[in-house]
Amino acid sequence: MSSTPTPTLPIHPALAPAGRTAQASRAHGVQATFDDLGTPLAQVTFVVVDLETTGGSSIECAITEIGAVKVRGGEVLGQFQTLVNPGEPIPAVISVLTGITDSMVAGAPRIATVLPSFLEFVGNSVLVAHNAPFDVGFLRAAADRLGIDWPGYQVLDTVKLARQLVGRDEAPNHKLASLARLFGATQTPDHRALHDARATVDVLHALIGRVGNLGVHTLEELLAYSGRVSEAQRRKRHLARDLPSAPGVYQFRDERGRVLYVGTSVDIRRRVSTYFTASEQRSRMAEMVNLAESVTPIVCATPLEAAVRELRLIAQHEPPYNRRSRRPHRRPWVKVTIEAFPRLSIVRDLRPDGACYAGPFASVHDAQAAIDGVHDVLPLRQCSKRLSRTRASPACMLADLDRCLAPCTLGAATAGYGSVVEQLREALRGSSREVLGLLGHRMRQLSQDERYEEAALARDRLRSLSRAIDRAQRVAALTGVAHLVAARRHPLGGWEIVCARHGRMAGATRTPRGADPMPYIAACTATAEVVEAPAVPAATTLIEETELLLRWLDTDGVRLVEVDGAWTCPLGASAALLEPRRTTRHPVDW
């Protein structure tokens, strides 16, 4: 085995050390590269490896030679080369191809000795190979046989890269020998590991030079590079150039200023830049980028503020390339109607009529499943016709099946109908254990009777109903709080401060590390949005926003600073049937 340094090689500007690149750019008045969007290629250490083996199967065959070259910034830092005793005869056809014979490897070390030394040579570098699945596959198989944990190396395949960059008009194929001739490699590949690794180094540098001309300057972009990204898409990279490297919301807009897409990120500039590389795999995003002419950033104090602003902007603009959270005001709710003999109905508009609501639901199908669950355990009427308290109507077959009290007949059972409706209303307001318990009992009874399909249907209905009731109860609890201020420590120091009023985020800020948070809390409260008490559920804001606030308040480390009103959850709430939630809150301790 040998590991030795070698002289410097000529390099492409994309591989020049960052200081030299920036200096040259300033000297020529050229915009510096996007190095801050990832790891600059000039700072990446590559280990280019090549193997010789006894055959093509990593399971049945063994390694006979390892050659590797370590490079960074176009400079060779070291080399690794050794023959390996495979512990089995080398087939004659392989010996003719590589020139490696049994006598040459007879005194060579076994792979158990070689592999640990090679892994130490690689260190934290990026592995590069021509047809990487072959070479890396043999190395991983050897590690598995030896009980060595394979490090999670990032791997670059020069064959895959060449297929995107080298056309048939330039080379007959993408074999190492063909590419070495095309790029004028200083080493001719000859099926000896170190020689082939040296040739691959020259091929790697030439390919990096080509992608560098296409605007790929970081390791992340190089690993994600694909010819599927159009040249027009890459030319839009300038849209990310002046964006802030800060958390917040970004909006892609077309030439008329129409919002095409809204997203959030902890680093707006870094995230937007990925839309112009192959790391963005969604085909509709490529279409969106082709239409985009500008990106509008909105820097936010906290991740919660960014998520809330994203929801509001999507609801406001309904961007064509956002799929979630569009038209939130049109999501279905389940309502206990206000009429002579109330029933359950699916509605999309909430009115200040004093009715009880549950939801919203993700779809009408989920809303109907919840209604069906109630009908399974409570004898409510299911017809939609208007009934009179003074004029009787014929009963339907549900009355004969004892699944409806038939208030339409104005019979003796009609007197009990109001109690059933009140039981349902109490379930939606907070005391839901009785109704949900009845549905749970029905599910278990069906399962015991081996009526598994019906039991599964009852389970789905129970899940839809309990989630809807839980959502309505928790949202109503927070919506009823006129003013709330909470704080959570930021990972980088300081505090995230959030002010919520009637379920709506009214203000947010972040305090500097080591600063007294009270003046910042006072300023946040003084400048927070004024929010009036709602007349109906979710009237002050989107219910998704209130749920974001609830999830944030429910995370570890959140401390309540101010509460104006009672923030409580009913003792008999449906949350007891769902995942247990932490309900205690730490006292404020700055």
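Predicted model: local features only at pLDDT ≥ 70, side-chain atom pairs only at ≥ 80, totals over all residues.
Residues are numbered from 1 along each chain as its sequence is written, and side-chain values use heavy atoms, leaving out hydrogens and water. Local features need pLDDT of at least 70, side-chain atom pairs count only at pLDDT 80 or more, and totals for chains, interfaces and linings use all residues.

Visitor: How many helices and strands are there in the protein?
Guide: Both are DSSP runs, numbered from the N terminus: helices are H or I with at least four residues, strands are E with at least two. Counted that way, the protein has 20 helices and 15 strands.

Visitor: What percentage of the 590 residues in the protein is buried?
Guide: Start with the cut-offs: buried means under 20% relative accessible area, exposed over 50%, partly exposed in between (1.4 Å probe, protein chains only). Among the 590 residues, the buried share is 50%.

Visitor: Of the contacts with a separation of 6 or more, what percentage comes from residues 24 or more positions apart?
Guide: A contact means heavy atoms within 4.5 Å. Take the contacts with a separation of 6 or more; residues 24 or more positions apart account for 66%.

Visitor: Is His174 buried or exposed?
Guide: His174 sits in the loop between helix 6 (158-165) and helix 7 (176-183). Its relative accessible area is 15%, so His174 is buried.

Visitor: How many aromatic pairs does a search of the whole structure find?
Guide: Rings of Phe, Tyr and Trp (its six-membered ring) pair if their centres lie within 6.5 Å; planes under 30 degrees apart count as stacked, over 60 as edge-to-face and the rest as tilted. The search of the whole structure finds 10.

Visitor: What kind of aromatic pair do Phe80 and Phe118 form?
Guide: Their ring centres are 5.6 Å apart, with 70° between the planes, which is edge-to-face. Phe80 is in strand 3 (residues 75-83) and Phe118 in helix 4 (residues 111-122), 38 residues apart. Both are buried. The kind of pair is edge-to-face.

Visitor: How far apart in sequence are the parts that Phe341 and Tyr417 tie together?
Guide: These two rings are edge-to-face, 6.0 Å centre to centre and 75° between the planes. Phe341 has 5% relative accessibility, so it counts as buried. Tyr417 has 1%, so it is buried too. Phe341 lies in the loop between strand 9 (333-336) and strand 10 (344-347) and Tyr417 in helix 16 (residues 417-429), so the pair ties together parts whose separation in sequence is 76 residues.

Visitor: Which residues of the largest nonpolar core touch the most other members?
Guide: A nonpolar core is a set of buried Ala, Val, Leu, Ile, Met, Phe, Trp, Tyr and Cys residues joined through side-chain atoms within 4.5 Å. The largest has 31 residues, and those touching the most other members are Val336, Leu344, Val374, Leu378, Leu380, Leu424 and Leu465.

Visitor: Which helix gives the most to this core?
Guide: Several elements each supply at least two residues, among them strand 9, helix 14 (364-377) and helix 17 (433-448). With six residues, the top giver is helix 16.

Visitor: How many residues are in the second, separate core?
Guide: This second core includes Leu156, Ala199, Leu219 and Tyr225. Its count of residues is 30.

Visitor: Which residue in strand 14 stands opposite Val498?
Guide: Two strands pair if DSSP finds at least two bridges between them. Strand 13 (residues 495-501) and strand 14 run antiparallel and are joined by six bridges. Strand 14 (residues 504-510) is mostly covered, with five of its seven residues buried. Opposite Val498 stands Ala508.

Visitor: Which residue takes a positive phi in the hairpin of strand 13 and strand 14?
Guide: This hairpin has two residues between the strands. The positive phi is near 50°, and the residue that takes it is His502.

Visitor: Is Leu492 buried or exposed?
Guide: Leu492 lies in the loop between strand 12 (483-489) and strand 13. Beyond its neighbours within four places in sequence, it is in contact with Arg510 and Arg513. Its relative accessible area is 62%, so Leu492 is exposed.

Visitor: How many of the 11 residues of helix 20 are buried?
Guide: Helix 20 spans residues 543-553 and is mostly covered. Its buried residues include Ile543, Glu544 and Trp552.
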